[in-house]
Amino acid sequence: MQSMYFLIPISLVLFVLGIFAIYYAIKSRQFDDLDNESQRVILDDRQFRREQLGQHPAKHSSSHPPKIQDPTDEQK
């Protein structure tokens with residue numbers, strides 16, 4: 001019977017701590033988007049690469065091919 005005086009308050013404290021942990025997890029938005037959260041890292045990386053490529057386009061990305069100099073033009 002003496003162990004009941006010890007176990008009941010401890011179980012109530014653990015119950016309250018569990019409720020607080022669940023409340024904290026919900027308030028910190030840990031359960032908002034479980035399906036797409038793993039893909040966010042990949043998509044953020046793709047967006048970062050697109051922004052980099054948009055700022056620094058490739059040298060030969062234009063529709064005109066690069067000019068090749070004719071060696072006979074230099075002799076004229």
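Trainee: How many helices and strands does the secondary structure of the protein come to?

Mentor: In this predicted model, the protein has 3 helices and 0 strands. Read from the N terminus on, the order of the elements is α-α-α.

Trainee: Where in the protein is confidence highest, and where is it lowest?

Mentor: One begins with the overall value: the mean pLDDT is 77, and 71% of the residues reach 70 or more. Confidence is highest in H1, at a mean of 95, and lowest in helix H3 (residues 71–75), at 59.

Trainee: Is H1 covered or exposed, judged by its count of buried residues?

Mentor: H1 is hardly covered, for 1 of its 26 residues is buried. Across the 76 residues of the protein, 1% count as buried.

Trainee: Which residues form a nonpolar patch on the surface?

Mentor: An α-helix has 3.6 residues a turn, so residues three or four places apart point the same way. Here the patch consists of Phe6, Leu7, Ile10, Val13, Leu14 and Leu17, with about 590 Å² of accessible area together.

Trainee: Why is Leu14 classed as exposed?

Mentor: Leu14 belongs to helix H1. Leu14 is classed as exposed because its relative accessible area is 55%, and the cut-off for exposed is over 50%.

Note on methods. Residues are numbered from 1 along each chain as its sequence is written. This is a predicted model: local features need pLDDT of at least 70, side-chain atom pairs count only at pLDDT 80 or more; totals for chains, interfaces and linings use all residues. Side-chain values use heavy atoms; hydrogens and water are left out. Helices (H or I, at least four residues) and strands (E, at least two) are DSSP runs, numbered from the N terminus. Buried means under 20% relative accessible area, exposed over 50%, partly exposed in between (1.4 Å probe, protein chains only). pLDDT is the predictor's confidence in each residue, from 0 to 100. Patches are made of residues with over 30% relative accessible area and no salt bridge: like charges are joined within 9 Å, nonpolar side chains (Val, Leu, Ile, Met, Phe, Trp, Tyr) within 5 Å. Accessible areas come from the Shrake-Rupley method with a 1.4 Å probe; for residues, only the protein chains shown count as cover. A salt bridge is a side-chain nitrogen of Lys or Arg within 4 Å of a carboxyl oxygen of Asp or Glu.
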